[in-house]
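Student: Could you take me through the aromatic rings in this model, and through the charges that sit over them? I'd like a close look at that one part.

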Amino acid sequence: MEFLGTTQTASYCGPKKSYLFPEPVSTSTTQDSYQSYYLPGYRYLNTWRPSLFYRGNMRNCAPLRPPTILPSVRSALYARYSPRDWYRANTVQYKGSESCRHWAGRLNEDSLRLMQDKDQLTHQTQDNTGRSLGQRLSDIDFWRSELTYELERLLTETRALETSKRRLECAADEAQRPLKVANGWSSSLILNVLVCLKIALCSINRDAQHALERDLSDKNSAHFIDEKCYNLRNTSDGISYYHGVEKIDGTVSVPETWAKFSDDNIRHSQNARANSMKLREETENTLENVSEEMWKQFTDTNLAFTNRIAETADTKNKLQTHLAKTLQEIFQTENTIMLLERAIMAKECPLKVAQTRLEGRTRRPNVELCRDIPQFKLVNEVFTIDDTLQTLKLRLREAQDTLQLLVLNKARLEHDLSVKANSLFIDKKCMDMRKTFPSTPRLVGYT
């Protein structure tokens with residue numbers, strides 16, 4: 001606290017500094033603006049100071065103790081400011097207040113304008129975000145519909161392919177039965193190869209189906225989340241602060257790659273469906289061709305069997321006829337051999353008689369051994385009989401050789417007849433087995 005009577009200016013008389021508003025125009029409020037105030041009658045005297053007053057009085061009187069003056073009395077007796085200073089201070093205060101009010105008014109207006117702008121920007125940003133979420137939901141709905149449509153078509157094609165595969169398996173089983181049909185093994189092999197291709201293509205279709213189902217499931221989850229975010233409002237429950245969430249970037253794709261992923265899945269499914277449809281068409285054509293070929297081979301084979309059975313039966317009949325003739329000829333040859341043996345035996349006695357006569361006539365004495373006519377006749381008879389015997393024996397050997405040939409031919413004919421009979425039995429048995437053949441619907445896989 002400052003004491004009155006000093007020339008030091010009080011600190012509270014100066015303007016206070018404002019840290020919120022700018023300082024007003026500076027005015028001279030220092031001590032040169034406030035002139036010294038003199039008491040009445042002492043303007044030109046310096047007796048206003050207590051020391052001078054006491055010093056002048058002490059010359060005429062005894063030294064006395066100065067009276068005690070209270071601070072409140074001092075303030076009343078000694079004022080530091082003039083009315084001019086008072087008006088000037090008020091003016092400065094008015095100007096400072098007006099400046100502060102002007103600054104506060106500008107600040108309030110700017111604040112209101114800023115709040116309006118930011119509120120408008122916030123609403124605009126929120127509306128833009130909502131529209132973006134709505135557009136995103138529309139995109140997700142579009143791809144969901146595309147994926148659903150493609151998945152339904154793929155499932156339909158897969159079911160058709162499974163049906164075609166079962167038809168092929170049934171056709172392959174049916175083709176295994178008539179193995180006697182020409183080209184049966186090749187037809188069965190073709191059908192088995194087609195079954196393997198169908199199994200591989202079914203696996204490819206299942207892979208495409210799993211990709212579509214996984215993508216569709218992700219789209220459904222994303223649609224649920226985005227729809228929930230789209231329906232959030234400022235008055236919704238469950239909204240809260242998540243500080244730093246805008247700094248986290250956990251995305252793994254951009255709109256281009258996001259759309260390309262679904263497009264690639266759909267294209268893969270379309271390619272799988274196209275291959276499946278092409279294979280099914282080829283399967284249908286193959287089944288029809290195989291069925292026609294098997295029926296043609298079945299008919300041709302049956303006709304060949306029938307012709308072969310007829311030829312075998314005719315040949316067998318001819319062999320039986322030749323066997324009968326051969327047996328008859330064998331019987332005749334045996335009779336001829338028997339007759340030749342009897343004839344040879346019959347010529348032995350005349351030969352013996354003729355040779356005995358010649359031998360007896362050799363015992364004629366002397367001149368009686370005459371080469372007479374009986375002698376010539378006897379010699380001629382022996383030669384004739386001997387030649388006859390040689391001829392008969394030669395014919396007997398020929399007849400015996402012929403008989404051996406006939407017997408050998410008979411054996412061959414009998415063996416050939418047994419073979420023909422066995423072949424005829426087998427062919428007839430095969431024809432009995434081939435009386436039943438799968439119908440055309442069963443050959444193309446229908447049960």
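Tutor: Here is a walk through the ring pairs, then the charges over rings. Bear in mind that this is a predicted model, where local features need pLDDT of at least 70, side-chain atom pairs count only at pLDDT 80 or more, and totals for chains, interfaces and linings use all residues. Residues are numbered from 1 along each chain as its sequence is written, and side-chain values use heavy atoms, with hydrogens and water left out.

Rings of Phe, Tyr and Trp (its six-membered ring) count as a pair if their centres lie within 6.5 Å; planes under 30 degrees apart are stacked, over 60 edge-to-face, and the rest tilted. By that rule there are two aromatic pairs. Take W86 and Y87: their ring centres are 4.7 Å apart and the planes sit at 75°, so this pair is edge-to-face. Y87 counts as exposed, at 53% relative accessibility (buried is under 20% relative accessible area, exposed over 50%, partly exposed in between, with a 1.4 Å probe and protein chains only).

F142 and W143 also make an edge-to-face pair, with 5.3 Å from centre to centre and 70° between the planes. Here F142 is partly exposed at 43% relative accessible area, while W143 is buried at 13%.

Now the charges. One counts as over a ring if NZ of Lys or CZ of Arg is within 6 Å of the ring centre and within 35 degrees of the ring normal. R136 lies over the face of W258, 3.8 Å from the ring centre. R233 does likewise with Y230, at 5.8 Å from the ring centre.
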